[in-house]
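Student: I would like to learn how to read aromatic contacts in a model. Can we go through an example?

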Amino acid sequence: ILDQRVLPYESIREADIPWEKRIWEVIDVREKLNFPFVNKKEPLFQILYDAAASGSVASFAEDNFKKILQPSEIEGMMVQLDTVEVTDPVTFEVTRKPVRNEISADNIKFFRIKEIWFFDRESSRMKVRILGIAPIREREVAGRLEEQPMFWLYYPQLREVLAKHQAYNEFNDAAPLSWDDTFEMRRFSSYIYKESNAQDLRLKDIFPDNGVARLRESDKIKDKLFNFEHDLWEY
């Protein structure tokens, strides 16, 4: 793994891409297939944080990869200020006091990835490439827990780092995988929470109080991507 080299992506001409779609997905580490993401020896979040905090990989504030975050800003994200209710034992008066909490890999339950799905006319195949990945933390906003990305890492630059770290292979201990292999082979479970649209709306914005409807729409988008390639052929 330490000596593994990253295979560069094949060159694709812009003229050979007649169709493409931007897709955002969420990886829930609590799902069984995603248990390697929280491996106690070296969880994925620790790898991403070390790469961002050391400055070896540029980190960004948003998924458009324009505003660069400094390593000091990344380190500051590891501390979260919360408030807790404290009851006075004498007067029984309830007050709220600030509490300083350290964020660790155990607090990260979700990862968000941005992908581009496109049809390559030269090979007549639908292909997908990951553009970015972000760890998600939950923060209390107006009395509700909101999921917020901590920082975004541009995946093509991150591949060199991921290729040097071993990911747990649940099916075969004799065939170790790197994290780059895991993502390129798509050995993870995820659901779509957004596709590119004119209003830049998430599925959560379209179905704010109906989680089942969001999952159904996510599956519908996946089916649409899967069927697009098949609809181009005649049998």
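Tutor: W179 and F183 are four residues apart in helix α4, so about one helical turn separates them. Helices here are DSSP runs (H or I, at least four residues) and strands likewise (E, at least two), numbered from the N terminus. This is a predicted model, where local features need pLDDT of at least 70, side-chain atom pairs count only at pLDDT 80 or more, and totals for chains, interfaces and linings use all residues. Residues are numbered from 1 along each chain as its sequence is written, and side-chain values use heavy atoms, with hydrogens and water left out.

Student: Why does that spacing matter?

Tutor: An α-helix has 3.6 residues a turn, so residues three or four places apart point the same way.

Student: How are the planes of F37 and F183 arranged?

Tutor: A pair of aromatic rings is described by the distance of the centres and the angle of the planes. Rings of Phe, Tyr and Trp (its six-membered ring) pair if their centres lie within 6.5 Å; planes under 30 degrees apart are stacked, over 60 edge-to-face, the rest tilted. The whole structure has twelve aromatic pairs. The F37 and F183 centres are 5.9 Å apart with planes at 90°, so this pair is edge-to-face. The pair ties together parts 146 residues apart in sequence, because F37 lies in the loop between β1 (19-28) and α1 and F183 in helix α4.

Student: Are F37 and F183 buried or exposed?

Tutor: Both are buried (under 20% relative accessible area; exposed is over 50%, partly exposed in between; 1.4 Å probe, protein chains only).
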